[in-house]
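Reader: I am new to this structure. Please show me how to read its features, one at a time.

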Amino acid sequence: MSEQQAEIEARANDVKETFRLSDGVFIVGSLERGVTVYKQQVRAHNLVWALWELERRNVSVEKRKVAVVGGGIAGLTTAACILSLFDQETSVVMFERLWDLCPYQQGCDIRWLHPRIYDWPDVGSRKPSTSLPVLTWAEGRASDVAKSILSELNAFGESFDTEEKRFQVFVGVTDLRITASKKQVEWKGTETFRKNGYYQNKNDFQDVSEDQFDLVIIASGFGFEDGLESSGHKTESYWRNEQIGQPIIDGTRDKFLISGYGDGALTDLFRLTIERFRQDTILYEIFGNELTETETYLKSKWNDELRQQNLFDFFSDNESTFFKRAIERLSVRIRKDTDVVLHACGSRTQNKEIRDIFDPKSSFFNRMLTYMLFRCDAFVPCFLKFEDSLTAHAINDKNVIRRLGCSTKQHLKTMFNDFENVETRIDELDVSQPQKPKLFWVPGTFPVPTRQAKQ
Amino acid sequence: MKNEYLNPEPVPTATQLSLMPFLAAVQGALTVNDELPNLRLTMHRVMSREGGAFLQQASGYFPIIDPDRWSEKSGRIFPVNQGIIGKSYETGAIYRTKRFEERSELMEELKLACAESGQNVEEVGTSYLSVPILDADSNVVLVLYAECKEMNFFADDDRVRQVIAMCKGLCELFDVLQENPFPNLRNFSLESGTPVKGKRTAYQIQEPLDLEPPKFEKVVSFNFEASAA
């Protein structure tokens, strides 16, 4: 084996290990923090490449069956990578809880997806397209991205599953249980068949079944959003269309409370406080002609040490220089029809003052914009307990938005018959965060569909 | 399971489209007198990936023979020392196939080269040209690649000068667009990287030319994409 091959194999081994829950059972990104669609796709590429790379020199050609749990973008990318890279003897069975693939982003017109804007000011972070070999897409509304991904998935199916035997999809899946020690999956769901990129029910009934697999890959995301319905307050799921980003059209002003200070909460903060807010253009609008210079400066400062730090002082230090004009531009765009309270006490009521929310729990971009809005007096921060905040600020029940993240471990626990076999490993992955979203696969690895398949 | 890592990775369509009319024009200039057997013309760009620099084919080959399959080679990634384009990358110099008096001499040298590389001598070109397009600091940004099966085709200095002049026009255009981009269409800069090298180097039949390669004044990397802003 050449030195290069040995290096590739060693890298593949290391990468595979970062995804392993137990022998033959893997998880894609559910326990990682700072997750984006793009990063999940990179992780899917990395895992499938590693699995393939370590097997490719095996001459035995045995039938191989892979279970992919989750029909969202991570699961679809995993499945398409497998179809592309592994031979015809390898098939994928996908399990999706809802009734279509990529269900959350479909029809979502209020969320803008960009591959790497949350990596800003890193080099290349403003590039609009993913340039990924499998299921590539470019910035757009979530609904546009979903459309691209599903269209690309169909092209992969047309190219690599021409007889429609390699990719089997179950939708409406309930009662899914994994026995990790046996690589076994039990489920209740409806089998589908693929027709022109759509997945139609094969039967009117749900199959109750179980099967043993060679590999089980969990790409089911993070579970259900916490706190959407509690104490009489209902918040729509992050991916559901609503109107808070639009001007109020009955002439009134309204007061809102946003609970949370991760990327999701902060994006809603921007929608509620900035006039004509567009996630795709705000960076260019606030920095104008100074964007390149500012970006160059910030890149030079954005080192490993700063990435781990609270950014309040950093923003404060640059307020009168690099951020001065941006804050001025933002200050004339504060919405006149809303008052906004940002409830940011934290899950353990640990936060006491505004600087506490600038810990590395959200992207640089979002923290920067939040700081600027704070300096424009665009919102009122609040660190009381949740119910006390509502009372103190007289918030109407219908104007509460809770973005509290997900209880991922609880979600995972419900999926296993033998959770005890994977619990320790889950805790390890949660702490160590090893699934780096870097492009570990060898360039040129993944075969791609022909142009005819894409049409 | 066989895979030599030769599959393409995406090149933004705006980048491809930026280069295609230019390549079509070069094709026209090269074939003005006669059809040129087995001409293959394309542009490679320097790109980086996790800190490593590579050459990437940024367009399908011209002339377009099969429109349905034409763009399939676009996106292939190569080590920076691959073939004649690698020579241009490493030296910043224009390379071309040297002049041979007899075809038999040329074929003899090509056979030796193909024996080493494992290629079929009947399938490879017999005349090659590689024109690096540099940035202001003499780093390679693009490499124009051409090959055909007409002996000594690129040994003609006047022909090479014409191609260089066309490349200079390309540089002037994109320098203007770098400073005055179209709305929603930008050159998103690529990170520089450490050159990644492979095994397949240039045939011995290639020689450097003592002609100044074309240069951008403003452009340092080539990655045009349509964007929302």
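Author: Start with the contact between the chains. Across the interface of chain B and chain A, 13 residue pairs are in polar contact, both residues at pLDDT 80 or more. A polar contact is a pair of N or O atoms within 3.5 Å; within protein, one must be able to donate a hydrogen and the other to accept it, and residues adjacent in sequence count only if both atoms are side-chain atoms. By class, the side of chain B that touches chain A has 14 nonpolar, six polar and nine charged residues. Ala, Val, Leu, Ile, Met, Phe, Trp, Tyr, Cys and Pro count as nonpolar, Asp, Glu, Lys and Arg as charged, and the others, Gly among them, as polar.

Reader: What kind of model is this, and how are residues and chains labelled?

Author: This is a predicted model: local features need pLDDT of at least 70, side-chain atom pairs count only at pLDDT 80 or more, and totals for chains, interfaces and linings use all residues. Residues are numbered from 1 along each chain as its sequence is written, chains are lettered from A and ligands numbered from 1 in the order in which they are written, and side-chain values use heavy atoms, with hydrogens and water left out.

Reader: How is the size of an interface given?

Author: Often as the accessible area lost when the parts come together. Here the area buried between chain B and chain A is about 2700 Å² (1.4 Å probe, summed over both). Carbon and sulfur atoms give 55% of that area. In contact (heavy atoms within 4.5 Å) are 29 residues of chain B and 36 residues of chain A.

Reader: Which residues form the salt bridge between K127(A) and its partner in chain B?

Author: A salt bridge is a side-chain nitrogen of Lys or Arg within 4 Å of a carboxyl oxygen of Asp or Glu. The rule finds one across this interface. K127(A) pairs with E225(B), with the closest N and O atoms 3.2 Å apart.

Reader: How do I read two packed helices?

Author: By the angle between their axes and the distance between the axes. Take α2 (residues 37-55) and α3 (residues 73-85) of chain A: their axes come within 9 Å and cross at roughly 30°. Axes are lines fitted to C-alpha atoms over the stretch in contact, with angles from 0 to 180 degrees between N-to-C directions. Helices (H or I, at least four residues) and strands (E, at least two) are DSSP runs, numbered from the N terminus. The contact residues divide into ten nonpolar, five polar and no charged.

Reader: Where is there a cis peptide bond in chain A?

Author: Between W120(A) and P121(A), with omega about 10°. P121(A) sits in the loop between β5 (112-113) and β6 (140-141).

Note on methods
Buried area is the accessible area (1.4 Å probe) that two parts lose on being put together, summed over both.
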